[in-house]
Amino acid sequence: MDIKKNDIIKLKITSMTSQGSGVGKIEGGIVVFVPMSAIGDELSVRILKVKKTYAYGKIEEVLNPSESRIEVDCPNFGKCGGCVYRHISYNSEKEIKYQRVRDATERIGGFKDIKINPVVENDRVNRYRNKAQLPAQNTENGVEFGFYANHSHRIIPCNDCLLQPKDFKKVMDITKDFMQKTSQSAYDERTGRGKLRHLYIRYAEMTDELMVCYVVNGNGLKQEDVLIKELNDNIPNLKSVVFNSNRENTNVVLGLKNRTAYGRDYIEDILCGKRFKLSPLSFYQVNRAQAEKLYEIAKKYADLKGNEVLLDLYCGTGTIGLSMADCCKKLIGVEIIEDAVNDAVKNAEKNNINNARFICGDASYASQKLRQEGVKPDVIIVDPPRKGLDGELIKTISKMSPERVVYVSCDAETLARDLKLFSEKNYSVKEITPVDLFSRTSHVENVCLLTKNS
């Protein structure tokens, strides 16, 4: 069947991509990808782009809806580049995420019989995020905040994201009103002019502490005292207002220089019974309740008896390692961001943990340094960014010869790739547990246990 742009075809959706688009096949084996569709949908689809073996389309009409379809509850769904599963039931979403992990391990990793546990579900699929980074833009109605559309820097305005706490909307409204009253503008990346680049908000759920960070093209905003008073009068749990200076022509949100304008330069949260300081540059899981479940699984896989050396690579503010510090002889954390390392040291002190050492540096460099020092970890935890581990680091880890490697991953595809490399270095994949930290989005976190072969 030959198709071309703007053709309208009938299509049944049979599977989903890792990014949350539905997949259907037409005569001749051509695959068609359709966003916001559901497995089982029978659709009328308009073709938008055609390649040799696949095409992209959009829904013209749902002819026969899937049983998993539900009513969409967000006006920005399909526009903002965030949620992809607001149109299907949560059970269906979990099934898709499980299948994503299964497909990746088989297709990319080449594994056929790995034990993959059911997805650990999120008890709260809305209002679970404790952090927001909201780009600012100038509009006819003044400064607005929102999210970038998929694969673009076009900002979709959003007054209230259903994944964020309600207090975040208050902060947005107060800031928009302040910018209007003081005739100040948002940063325009095309011209390099304007002041306010991003509104960055953090919330500590267990302590009910809130931080507001303004990322500005300069040192601050005019009449900051008026803004701070307005925030303070309307948000009783406000503990920190920080101005972050970012004058660079860059896509990176935060600059390196912070100035505390009100309260402390951090907030505190409680995770796995430990208190953690969070500054603007600190890494912290955006879903605290699910992170606790994930860390408990990682702790179970680490299987510490009290006399081990535990190496925590990509440790951030030390959350994973410190949650296990009382179960091992020595904890060594490695992180490249200096502010996060400083926070990790303070977090250890705050929790009276005396067996922890933190190194500021690249994971590969630090691992080689420890190996040269003769440090032999019994268990290594890795929690890398989405791109996963590089081959040299996997080689270095295998040379350190830990009994167990606990791999925490935010990307099933790079995890599968890296597991294949570990299997070539005398390690066996024992099991994987997917954990849903990011409900309604396409992302799924995974915890994997690898053990050294005899």
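The tour goes from a sheet to a loop, then to salt bridges, cysteines and a cavity.

**Before you start**

This is a predicted model, in which local features need pLDDT of at least 70, side-chain atom pairs count only at pLDDT 80 or more, and totals for chains, interfaces and linings use all residues. Residues are numbered from 1 along each chain as its sequence is written, and side-chain values use heavy atoms, with hydrogens and water left out.

**Stop 1: an open sheet**

Select strands β1 to β6. They form an open sheet of 6 strands, in the order β1-β5-β6-β4-β3-β2, with mixed pairing. Strands are DSSP runs of E, at least two residues long, and helices are runs of H or I, at least four residues long; both are numbered from the N terminus. Two strands pair if DSSP finds at least two bridges between them. Strands of a sheet pair through backbone hydrogen bonds, either parallel or antiparallel.

Which strands sit at the edges? They are β1 (8-12) and β2 (15-16), and each pairs on one side only.

Now select residues 42-50 and 54-64. These are β5 and β6, an antiparallel pair with 8 bridges. A hairpin of 3 residues joins β5 to β6. Leu43 stands opposite Val62 in β6. Ile47 stands opposite Gly57 in β6.

Show Val32: its bridge partner in β6 is Ala55.

**Stop 2: a loop past the sheet**

Select Pro75. This residue is in the loop between β6 and α1. Is Pro75 buried or exposed? Pro75 is exposed, at a relative accessible area of 68%. Buried means under 20% relative accessible area, exposed means over 50%, and partly exposed lies in between (1.4 Å probe, protein chains only).

The C-alpha atoms of Pro75 and Cys158 are 9.0 Å apart, although 83 residues separate the two in sequence.

**Stop 3: salt bridges**

Side chains of opposite charge can pair when their charged atoms come close. Here a salt bridge is a side-chain nitrogen of Lys or Arg within 4 Å of a carboxyl oxygen of Asp or Glu. How many salt bridges does a search of the whole structure find? The search finds 33.

Select Arg100 and Asp411. They form a salt bridge, with the closest N and O atoms 3.8 Å apart. The pair links distant parts of the chain, 311 residues apart: Arg100 is in helix α1 (residues 90-107), and Asp411 is in the loop between β21 (404-409) and α9 (412-423). Both Arg100 and Asp411 are buried.

Next, select Asp123 and Lys293. Their salt bridge brings the closest N and O atoms to 3.0 Å. Asp123 lies in the loop between β7 (115-116) and β8 (131-139), and Lys293 in helix α4 (residues 288-302), so the pair ties together parts that are 170 residues apart in sequence. Asp123 is exposed, at 65% relative accessibility. Lys293 is partly exposed, at 26%.

Move to Lys452 and Glu403. Their side chains meet in a salt bridge of 3.2 Å, N to O. Lys452 is in strand β23 (residues 445-452) and Glu403 in the loop between α8 (391-400) and β21, so the pair ties together parts that are 49 residues apart in sequence. Lys452 is partly exposed at 27%. Glu403 is partly exposed at 37%.

Then select Glu93, Lys97, Asp436 and Arg440. Salt bridges that share partners join these residues into one network.

**Stop 4: cysteines**

A disulfide is a covalent bond between the sulfur atoms of two cysteines. The cut-off here is a pair of cysteine sulfur atoms within 2.5 Å. The structure holds 0 disulfides.

Cys328 is buried, with a relative accessible area of 7%.

**Stop 5: the cavity**

Finish inside. The structure holds 1 cavity of 30 Å³ or more. A cavity is a set of points, on a 1 Å grid over the protein atoms alone, where a 1.4 Å probe fits but cannot get out; lining residues have an atom within 4 Å of a point. About 40 Å³ of space lies in the largest cavity.

Select its lining: Phe283, Tyr295, Asp312, Tyr314, Cys315, Gly316, Thr319, Ile320 and Asp383.

How values were computed:
1 Å grid on protein atoms, 1.4 Å probe; cavity = no way out; pocket = protein on both sides within 12 Å on 5 of 7 lines; lining within 4 Å. Points joined across faces, edges and corners; volume = space filled by probe spheres on them.
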